[in-house]
Amino acid sequence: MDNCLAKISDVSVSLGAKPVVSSISFQILSGQKTAIVGPMGSGKTSLAKALSGRLFRTGEVFFSCRNPDKRAYVMLVEQQHQFKNRSNLSEFYLQQRFNSSDCEDAYTVEEELAGLALGDWVSVFELESLLKRPLIQLSNGENKRLQIVKSLAYQPDWLILDNPYVGLDVKGRDILTKGLLSLDSKGIQFILVSSPGDVPDFINQVIELPLSQESAMKPAPLLRPLESFETAVKMEMVQIKYGSKIILSDFSWKVNRGERWVIKGPNGAGKSTLISLITADNPQAYSQNIILFDRKRGSGESIWDIKRKIGYLSPELHLYFKEGGSCFSVVASGLFDTLGLFKRLTEEQTAQVNHWMLVMGIAHLKERSFLQISGGEQRMVLITRALVKNPELLILDEPCQGLDRVQTEHLKSVLDYLAENSEMTLLYVSHYDRDIPSCVNQVLELKRL
């Protein structure tokens, strides 16, 4: 058919001996905007890599090309961004964005784009105001737009975008949508790979991947007595800035034991910086008036004294978590607040890890390599890592990124159970009201300065 832009026929993908996508067929006609969706573990990312030639596939794949005498150039824009620093290393670490001296080793947006034939894409995706910003300090949405613009410099015929809307605020979604719709004027086609809840309104064809495995019954979460304290977090007139950029100004806030807060605000409003002051990842905390668990920061406590009481997950932790061991060892590392498992577990600790993996529905991943499972499955493993020690303070920064609705609702039910049956304190960061558990009873809304 003349109006057929792409045709996927009986495509299957395997990882090792494990089939992850089986016999997928669909076509894209002129005027259709297509999204591939499916629950966590359905193989969306593997299919995206296969369609772009990054993974071996069986079946037939046709993509139209703007030049009929050539083969279509198909590029994948991955969910997790990767870039190198001035030392030619790609091994950035979690706390690096909060250390001003280390940030100097990161290229700026302008340097990252230098020498590329960009046309007006920098303007279309609204990157002009970010050109002097170090890459390490970009938000998820800003980084996603940068990766798209870099891809467009190579003049692809097709872009395959893996979860581009994950973690974006309303403004970021609007900018991305406007940019994607402008691709039509250049004859560039695209396919979105997405969780069902993140499909934008302009999509008019949805290809849904099935999930082969059945969900098992899940036991109730474990509970334990929590340590005694009155104030989990107290900040008075906190000032945080990087160079001339002010992130928090005269900021005061108090979180009492057992309160459950949602933290809201646009990308760049300081949510991650605020969390870093609590988790002992930001060195500027020592110069501020901050009390954690009834004790002033810098009064002799160690980082490990603080982390021992905190369970933590964030998009940054996911990005920089490079532990290649089993999913069991990743969850178990949460007992010791390390990025790998370096201690032998007791029988009680082993049972604790196994129980929490059952609670969160990931027991089937126990022996799988963390780095070889899907992004959504990795997120569930890291959530379980944050929960495994039943912390006094649980901090979940955008935990539902990459999860399907079933997993999101299950996480919310687990948090509601813990809130009802313990005095756990919760700080929960989210852009979307639908992802907030019902146990939340306080709201902190940050504004961009």
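Is Thr 34 buried or exposed? With a relative accessible area of 0%, Thr 34 is buried (buried means under 20% relative accessible area, exposed over 50%, partly exposed in between, with a 1.4 Å probe and protein chains only). The model is a predicted one, where local features need pLDDT of at least 70 and side-chain atom pairs count only at pLDDT 80 or more, while totals for chains, interfaces and linings use all residues. Residues are numbered from 1 along each chain as its sequence is written, and side-chain values use heavy atoms, with hydrogens and water left out.

Thr 34 sits in strand β3, which covers residues 34-37 (strands are DSSP runs of E, at least two residues, and helices are runs of H or I, at least four residues, both numbered from the N terminus). Its side chain makes a polar contact of 2.8 Å with the side chain of Gln 205 (a polar contact is a pair of N or O atoms within 3.5 Å; within protein, one must be able to donate a hydrogen and the other to accept it, and residues adjacent in sequence count only if both atoms are side-chain atoms). Setting aside residues up to four places away in sequence, Thr 34 touches Ile 28, Phe 190, Ile 191, Leu 192, Ile 203, Gln 205 and Ile 207 (contact means heavy atoms within 4.5 Å).

Strand β3 belongs to an open sheet of five strands, ordered β5-β6-β7-β3-β8 with parallel pairing (two strands pair if DSSP finds at least two bridges between them). The edges are taken by β5 (74-77) and β8 (205-208), each with a single partner strand, so one side of each has no neighbour in the sheet. On average, neighbouring strands of this sheet are turned by 20° against each other, direction ignored (axes are lines fitted to C-alpha atoms, for helices over the stretch in contact, and angles run from 0 to 180 degrees between N-to-C directions). Between β3 and β7 (residues 189-194), which run parallel, there are four bridges. Ile 36 has Val 193 as its bridge partner in β7.

Then there is an open sheet of three strands, antiparallel and ordered β2-β1-β4. Its edge strands, β2 (18-29) and β4 (58-63), each pair on one side only. From one strand to the next, the twist averages 15°. Five bridges hold the antiparallel pairing of β1 (residues 4-15) with β4, and Ser 9 has Glu 60 as its bridge partner in β4. Helix α1 (residues 44-51) packs on this sheet, touching β1, β2 and β4, and its direction makes about 120° with that of β1.

Ser 52 lies in the loop between α1 and β4. This residue is buried too, with a relative accessible area of 16%. A polar atom of the Ser 52 side chain lies 3.1 Å from the backbone oxygen of Ala 48, and one lies 3.0 Å from the backbone oxygen of Lys 49. Neighbours within four places in sequence aside, Ser 52 is in contact with Val 74, Leu 76 and Ile 160.

On to a helix pair: α12 (residues 375-387) and α13 (residues 405-421) pack at an angle of about 5°, with their axes 12 Å apart. That makes α12 roughly parallel to α13 (angles under 35 degrees count as roughly parallel). Met 380, Ile 383 and Leu 387 of α12 make the contact with Gln 407, Leu 411, Val 414, Leu 415 and Leu 418 of α13. These contact residues divide into seven nonpolar, one polar and no charged (Ala, Val, Leu, Ile, Met, Phe, Trp, Tyr, Cys and Pro count as nonpolar, Asp, Glu, Lys and Arg as charged, and the others, Gly among them, as polar).

Key. Parallel < 35°, antiparallel > 145°, perpendicular 65-115°, else oblique.
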